[in-house]
Structures are given as structure tokens and as C-alpha cells.
Amino acid sequence: MQAAVRLNDQLAAQAKLALRRLASAVAVVTCRDGETRHAMTATAVNAMSMQPPSMIVCVNRSAGFHAAISRARDFAINILHRRQVEISTGCGGDARGEDRFGLGGWSEENGVPVLPDAQARIVCSKEHRFDYGSHTIFLGRVTSVGIHGEVDPLIYVDGKYTCLPPDAVAVSALQTEIEILRQLAM
């Protein structure tokens, strides 16, 4: 039995090393539990489906944020811009509780804390949760979306923050947005 545990520990360590190479956009997930606002920096955020528009957020059950999002009805995913490193580090542990909302210009949308100047914010109504291993996967149906500024994400890879080169996606992103708006107008 001990050999199986060592093999599993070794595999987990190798997976951690491999996942350090998976670059991810940085988001701050927020919710409201009664009168209390909660925020957590996350990279384990992704689209689930476009029919219906839905998102998933994975939260470690040992994180303080887990209890709050478990009780919350709604949550928001605030996708950070390259200039929002301080917000990410604050919501990732440097700040506690309500102090996390002292960084940046927060407001509310559908009763959930949001960053209006995040490059995108997606508010979701929590619909399902699935426990797996050490985490819970929260599935939310998108109820509102806000977009701000150019596509210029804050990225986390190999334990560090980085960004795309200037203007790496600006032209193609603008063309995509124009195409989407044209389709909506039809």
C-alpha cells in the first residue's frame, strides 16, 4: 500500500510541474454571502457551454472562499487586465476579508461584487456543484456580461505573472467583436 501512495504522490508532483506550463488568464471570482462580500484569485475558471452560456469555477474545499460560494446564489468572474496584478495578489492572499475590496474600483451587478474596469466580467447564477478530489466545481449560468478596454489579459504561468506582447491580439479581437455585433444585428 505504501508503494501505491508514493506512486500517487510522485504522479501528483509531476502533474504540478506539468501544469506550471499551462498559461492561464487570471480572474478574481467574487460572491456575496448575506451582507459579506468575498473574493478569490483563480486560474481554474473556464467556459462550460454557449448553449446555454455557462461557466465553471473550481475551488479548493480548504479555501475560506469555498464556504461563501457554496452558500451564495450568484458569483462573478472578473478577468483581469495586465495592470491589475495588485488586485490579483491581494485577492490571492495578501489581503483578507473586506480589505480585498480596497484594491480597485469595485461596484455591484445583480448583487455581486464586480470590477467594472476588468477587461471582462461575467456574472453567473449558480446552478450546480460537483465535488471531486480536493475541489468543488461550481457551474453557473451566465446572467450578464461586461467588457472593458482592449484584450490585454494578465496571465499566470510557471508561478509568475506575465502578459502578451503589446498589440498581440488587438486587431483580431476587434475584428471578432465587430463580426459578433453584426451577427446580433441580423
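## Exercises on a predicted model

At 8% relative accessibility, Phe 101 counts as buried. That value comes from a predicted model, and the exercises below work through more of it.

**Exercise 1.** Find which residue forms an aromatic pair with Phe 101, and classify the pair.

*Solution.*
- Step 1. Start with the count: the structure holds 2 aromatic pairs.
- Step 2. One of them joins Phe 101 and Trp 106, with ring centres 4.9 Å apart.
- Step 3. Their planes stand at 70 degrees, so the pair is edge-to-face. The cut-off for that class is over 60 degrees.
- Step 4. Check the partner. Trp 106 is buried, at a relative accessible area of 14%.
- Step 5. Look for a charge at the ring of Phe 101. The charged end of Arg 37 sits over it, 4.2 Å from the ring centre.

**Exercise 2.** Take the aromatic pair of Tyr 156 and Tyr 161, and state its geometry. Then decide whether Tyr 156 is buried, partly exposed or exposed.

*Solution.*
- Step 1. The two rings lie 5.3 Å centre to centre.
- Step 2. The angle between the planes is 65 degrees, and the pair is edge-to-face.
- Step 3. Tyr 156 has 32% relative accessibility, so it counts as partly exposed.
- Step 4. Tyr 161 is partly exposed too, with a relative accessible area of 31%.

**Exercise 3.** Explain why the buried residues of helix H3 lie on the same side of it.

*Solution.*
- Step 1. List them. Helix H3 spans residues 85–94, and Ile 87, Ser 88, Gly 90 and Cys 91 are buried there.
- Step 2. These residues cover an arc of only 165 degrees around the axis, which puts them on the same side of H3.
- Step 3. Recall the general rule: an α-helix has 3.6 residues a turn, so residues three or four places apart point the same way.
- Step 4. Turn to the other side of H3. Glu 86, Gly 92 and Asp 94 are exposed there.
- Step 5. Find the cover. The buried residues of H3 are covered by elements including strands S2 (27–33), S3 (36–42), S11 (154–157) and S12 (160–163).

**Exercise 4.** Name the strands that the buried residues of helix H2 pack against.

*Solution.*
- Step 1. In H2 (residues 64–71), Phe 65, His 66, Ala 68 and Ile 69 are buried.
- Step 2. They pack against S2, S3, S5 (53–60), S6 (74–79), S9 (120–132) and S10 (135–147).

**Exercise 5.** Describe how strand S4 pairs with S5.

*Solution.*
- Step 1. S4 covers residues 45–50 and runs antiparallel to S5, over 5 bridges.
- Step 2. Ser 49 stands opposite Ser 54 in S5.
- Step 3. The link from S4 to S5 is a hairpin through 2 residues.

Key. Residues are numbered from 1 along each chain as its sequence is written. This is a predicted model: local features need pLDDT of at least 70, side-chain atom pairs count only at pLDDT 80 or more; totals for chains, interfaces and linings use all residues. Side-chain values use heavy atoms; hydrogens and water are left out. Buried means under 20% relative accessible area, exposed over 50%, partly exposed in between (1.4 Å probe, protein chains only). Helices (H or I, at least four residues) and strands (E, at least two) are DSSP runs, numbered from the N terminus. The arc is that of the directions from the helix axis to the C-beta atoms. Contact means heavy atoms within 4.5 Å. Rings of Phe, Tyr and Trp (its six-membered ring) pair if their centres lie within 6.5 Å; planes under 30 degrees apart count as stacked, over 60 as edge-to-face and the rest as tilted. A charge sits over a ring if NZ of Lys or CZ of Arg is within 6 Å of the ring centre and within 35 degrees of the ring normal. Two strands pair if DSSP finds at least two bridges between them.
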